[in-house]
Each structure stands twice: as structure tokens, then as C-alpha cells.
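Dear colleague,

Please find the structure below. I would be grateful if you would read the notes after it with the model open.

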Amino acid sequence: MPFRASLVTLYPEMFPGPLGVSLAGKALARGDWSLDTTHIREFGEGRHRMVDDTPSGGSAGMVLRADVLARAIDAASPEGDTRPRLLMSPRGRPLDQRLVRELAAGEGAVIVCGRFEGVDERVIEGRGLTEVSIGDYVLSGGEMAALVLLDAVVRLLPGVMGNAASGETESFEGGLLEHPHYTRPAVWEGREIPAVLSSGDHGAVERWRRDQAERLTAERRPDLLRRR
Ligand code: SAH
């Protein structure tokens, strides 16, 4: 079974959005992965299909109701569904290439997109949601975060990018940032391509790339080197 993404959202029209074009879009059309949406509004309360309410204890904003959201999650992911259930959330496990690989190796994901001030805490526990963050900043909703996560996952799926995405030298794959890239023309605005890249000496090219990756990582992301 190809990777299946189920989005639980108040804005289903945001999907597949940018994932409907380019390689991800072609792969989606081919059936190399699939995407479905569950509209939280359809599970809302009363004639107005209310999905949110004021925060208990008081404060600004609104909170997505546990009962409403749970009904939507249960519709998207009935009992027996073994896919991981994620909640996009700034409090979550930081998304990194390791988590992306874990997800890409699985059967798919159920992804809950928060809105307003977030979701009632009880639904996180009650439905076993794993919170995932795409970075230390606050978005207005989980939809764009879900698109980011899925873009990173889908490009690793079999058939989506050929072997271009499997390269061991890509940023983060070896715990390093990637080396610089060059292509024709050989001279551009007086700037030349590093001579070693035209030397035909594959060993030397590999060593140069490795050195560059280590230099860039030390300069820009020393935290990655410490973690290796
Ligand atoms: N009050 C919350 C922020 C709510 S933002 C807090 O301070 O933690 C509204 C929704 O946007 C969240 O429920 C979440 O689904 C999504 N969101 C915002 N920032 C995000 C991030 N960095 N990563 C993933 N999802 C995010």
C-alpha cells in the first residue's frame, strides 16, 4: 500500500495545494502516495457547526473542542488504523530529517492541523496524538506545517524523485550540511568553478566535498557537529 496522508483540518481546500504540482503532484496523480481530508467543521456542534469555545480559566482566543476534534479524528482514522497520529504544534518534537525518514518508511500518517489558540489538551491524550513542530515560531494554523512535513516525506517515497533524494551527501543525511554546487558556465561574471571539480579525480572531488560540508557545518551549524 502506498503512503497515505489523512489531514484533519478546518481548511481542506488548502490540500493538496503546493503538493499538487511538480514531482509530488505527479507522484500523487500516479498513486505513488495519496491524500485525503476530513473537514472538522462537519463534526461541529449544533446548527452553526461550532468547533471552538473560549479557554477554560479565561484568556484571549478560542480553543478547538475535544469532542468535535475527536469525532473528526475518528472519522479520518477508524479503530485498527495503525498509522501514527500527529498534531502539528509549536510545542512538539522538532521535525528533522530523522523523523522525516521514520515517517516515509511507514504506511502514512494522520495529521491534525490546529487553529486558534490550539486544541483541548484532553484530545491529545485521548487520541494518542504526537505533537510535531516545524520550528520555533508560531503559525496561524497547522496546515502549512503539515504541507512542509509532507513535502519532506513525499520526496523520499519510492518512485517520487528517482534516487536523487536518497543521496547520502544531502544536507543532514550524514549529520552535515551539504557541500556547494556548481554547473555551467565554467566562468560566470569572472567567477570560476573550483578547479578540483573539473579535475576528473573522483577521490579528490569526494575529499573536497567532504571538507566543504564540514567547513560549512562548523561555520553555520556547530550544533549539528556536536550532535554527531
Ligand atoms: N497558542 C499556541 C499556538 C497556536 S497557533 C502556542 O502558543 O503554542 C495555531 C495552530 O497552528 C497550532 O495549533 C498548530 O497546529 C499550528 N502551528 C503553529 N505554529 C506551529 C509550528 N511551529 N509547528 C507546527 N504547527 C504549528
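This is a predicted model: local features need pLDDT of at least 70, side-chain atom pairs count only at pLDDT 80 or more; totals for chains, interfaces and linings use all residues.

Residues are numbered from 1 along each chain as its sequence is written, and side-chain values use heavy atoms, with hydrogens and water left out.

The ligand is surrounded by 19 residues, and the closest are Met88, Gly114, Glu117, Gly135 and Tyr137; a residue counts here if one of its heavy atoms lies within 4 Å of the ligand. A backbone N or O atom of Met88 lies 2.6 Å from a ligand oxygen atom. For Gly135, a backbone N or O atom is 2.9 Å from a nitrogen atom of the ligand. The largest share of the shell, three residues, comes from strand S5 (strands are DSSP runs of E, at least two residues, and helices are runs of H or I, at least four, numbered from the N terminus).

Is Glu143 buried or exposed? Glu143 counts as buried because its relative accessibility is 0% (buried means under 20% relative accessible area, exposed over 50%, partly exposed in between, with a 1.4 Å probe and protein chains only). This residue belongs to helix H5, residues 143–154. The side chains of Glu143 and Arg115 are joined by a polar contact of 2.9 Å (a pair of N or O atoms within 3.5 Å; within protein, one must be able to donate a hydrogen and the other to accept it, and residues adjacent in sequence count only if both atoms are side-chain atoms).

Yours sincerely
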